[in-house]
Amino acid sequence: MRRFLTAFALLALLLVMPAAVRGDVVVGPGGGTPGTSLNFTLVGHNALFDRGMNAAPAIFDHYVYIGNRTDGSTRCGFGDPRRETTGIDSCPHPNPGILVVDVANPANPTVVGEIGPPHAGNPSETTRELRVWPQKKLLMVLNFRCSPVIHACRGDAVTPTFRFFDLTDPANPEHLMTYVPVQVSEEPGGGEHHETRVPHEFFLWVDPNDPDRALLWASTPTTSCDPERTNLIIYDISRVPDGVEPSVIAQGNWNDKYPGGCVAANYDFDLSLHSMTPSFDGTRTYLAYLRGTFLVLDTSKVANNQIPAGTIESLNDDLLTPVANRPLWGTGNQCAGHTAAGCAESHSAVPLPGRPFVFTVDEVYGTFTVSSFGWPWGWTRLINVAQPRRPHIVGEYKIHQNTPAYTPAPGENEFNSYSSHNPTLTRNVVLDSWHSGGLQAIDVSDPAVPAQLGWYSPTPLASVANEDPALSRGPNKVVMWSFPIVRNGLIYVVDIRNGLYVFDYNGPRAREVDGLTFLEGNSNLGDLGRLAKSAG
């Protein structure tokens with residue numbers, strides 16, 4: 001099924017109109033209008049019980065596992081009319097656990113199960129991030145406290161955990177282990193101190209030279225300058241399938257490298273690591289550092305298994321990019337808000353396989369979360385990292401809603417986000433979940449002039465049980481969110497509000513997507529090794 005532009009004249013215009021170039025900034029004209037598409041075909045869709053607040057997917061065999069941004073409570077989100085009429089706890093969250101969706105027939109994704117309490121769907125706890133180590137039939141889920149403000153959660157204290165599940169019977173995952181993530185520091189006089197930390201995002205890396213060795217890169221955001229308080233922890237999960245807990249092998253914090261970085265107010269209290277992506281071989285890690293923009297880190301000792309057993313490698317002095325040489329964008333260390341320059345709010349940094357460039361994403365919500373957010377939201381940049389000591393921006397890509405030519409409709413500045421979010425990359429094509437800008441396909445064959453290849457912005461559901469208080473209370477009810485997963489040439493992506501979508505991309509460079517068996521932006525599994533080596 002294809003969804004076309006409602007106005008034929010507009011479609012005709014878009015088909016012949018090239019992306020507009022603004023110096024080194026390219027503007028893609030389409031994506032911000034629900035019910036429109038170009039060069040994508042809708043293969044299948046499941047509304048996931050119209051529950052809203054869907055989180056990240058993971059795939060194993062012909063099953064998709066989908067977490068939940070909200071919790072198992074009955075709390076009403078901000079803007080929910082029931083909050084004012086029947087009380088703040090009168091909004092049950094239906095099917096709040098991890099949904100198991102059978103996609104053996106991609107045209108008819110079918111929910112066949114749900115992981116519920118005590119391992120998912122608990123009050124105050126979100127199942128936000130999921131990955132699968134397929135060779136070990138291991139599902140991993142990051143759980144932490146979700147916000148009563150932006151996630152409609154109850155908001156009680158929750159101990160963060162990684163929960164691991166055995167997928168021997170993939171339709172019925174079996175809980176294997178619960179691990180509380182920690183950082184490790186030395187006690188005065190000897191011994192170790194373990195402190196619970198809250199990961200925000202994580203990357204699954206399986207050693208290309210040892211298929212039995214797997215590590216998790218986990219961001220643990222903090223504005224602290226204490227070198228013992230981590231912004232990044234790397235966990236070894238190699239023996240989890242055998243029932244052995246993960247172990248910390250490396251950790252680091254670079255806030256003290258920033259000028260004035262030990263005064264959090266100098267960076268809007270936002271100088272911390274949001275997420276990170278190691279190279280396929282793991283020797284370099286690309287850091288998306290929120291208000292600190294972008295850095296390259298040397299993780300070759302980690303990748304090459306050169307850390308002595310029983311020790312923890314400090315990464316504090318292993319930056320390849322001196323902070324003074326970091327690429328700068330936006331209005332500076334502090335977000336001035338509502339200017340064409342936008343805010344520097346670095347969210348993701350993903351390398352182009354086999355090429356010396358990194359695709360970076362800024363994510364900026366509406367003013368409901370921070371008064372300086374809203375228009376022009378966040379967009380993407382391509383950074384040359386051939387010389388990691390001096391990375392530099394070579395091109396930028398945004399959509400029309402990120403430009404001065406766009407005037408937000410009533411409610412958009414507050415409760416929508418036309419912001420880039422999670423990308424999955426081939427060598428020349430980026431698939432990016434652009435929140436209310438829909439799923440974007442971007443040609444990066446020339447990183448200086450990225451070009452829009454297509455988009456898909458679905459017709460939203462009429463209503464959902466839980467509207468996202470920060471992202472879909474405005475007039476645009478599309479919130480494409482997850483890292484797209486390509487499986488056997490088809491693209492699987494989750495819209496927070498509207499459910500699971502399966503797409504076929506059929507525009508320029510479609511062969512790069514059609515030829516993929518498996519690819520996702522937050523692991524080094526599947527075809528990534530072939531793509532990383534294809535440049536020679």
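The torsion about the S-S bond of Cys-225 and Cys-262 is about -105°, so this disulfide is left-handed; a disulfide here is a pair of cysteine sulfur atoms within 2.5 Å. The sulfur atoms of Cys-225 and Cys-262 lie 2.2 Å apart. The pair links distant parts of the chain, 37 residues apart: Cys-225 is in the loop between strand E16 (214-219) and strand E17 (232-236), and Cys-262 is in the loop between strand E18 (247-252) and E19. Helices (H or I, at least four residues) and strands (E, at least two) are DSSP runs, numbered from the N terminus. Cys-225 is buried, with a relative accessible area of 17%, whereas Cys-262 is exposed, at 54%. Buried means under 20% relative accessible area, exposed over 50%, and partly exposed in between (1.4 Å probe, protein chains only).

The model is a predicted one, in which local features need pLDDT of at least 70 and side-chain atom pairs count only at pLDDT 80 or more, while totals for chains, interfaces and linings use all residues. Residues are numbered from 1 along each chain as its sequence is written, and side-chain values use heavy atoms, with hydrogens and water left out.

The count of disulfides comes to four. With the bonded cysteines of the chain numbered in sequence order, the pairing reads 1-2, 3-4, 5-6, 7-8. One of the disulfides joins Cys-76 to Cys-91, with an S to S distance of 1.9 Å. The torsion about the S-S bond of Cys-76 and Cys-91 is about 95°, so this disulfide is right-handed. Cys-76 sits in the loop between strand E6 (63-68) and helix H2 (81-85), and Cys-91 in the loop between H2 and strand E7 (98-102), 15 residues apart. Both Cys-76 and Cys-91 are buried. Cys-146 and Cys-153 also form a disulfide, their sulfur atoms 2.0 Å apart. The link of Cys-146 and Cys-153 is left-handed, with -105° about the S-S bond, and both of these cysteines are buried.

Strand E19 (residues 275-278) can be followed next. Ser-275 and Thr-277 point one way from E19, Met-276 and Pro-278 point the other way, and all are buried. E19 runs antiparallel to strand E20 (residues 284-288), and four bridges join them; two strands pair if DSSP finds at least two bridges between them. Pro-278 stands opposite Thr-285 in E20. The hairpin of E19 and E20 has five residues between the strands, and Gly-282 takes a positive phi near 80° there.

Attention now turns to the aromatic rings. Rings of Phe, Tyr and Trp (its six-membered ring) pair if their centres lie within 6.5 Å; planes under 30 degrees apart count as stacked, over 60 as edge-to-face and the rest as tilted. The count comes to 17 aromatic pairs. The rings of Phe-40 and Phe-503 have centres 5.9 Å apart and planes at 65°, so this pair is edge-to-face. Phe-40 lies in strand E4 (residues 40-46) and Phe-503 in strand E33 (residues 499-505), so the pair ties together parts that are 463 residues apart in sequence. Both Phe-40 and Phe-503 are buried.

A charge sits over a ring if NZ of Lys or CZ of Arg is within 6 Å of the ring centre and within 35 degrees of the ring normal. The charged end of Lys-398 sits over the ring of Trp-379, 3.8 Å from its centre. The charged end of Arg-473 sits over the ring of Phe-368, 4.7 Å from its centre.
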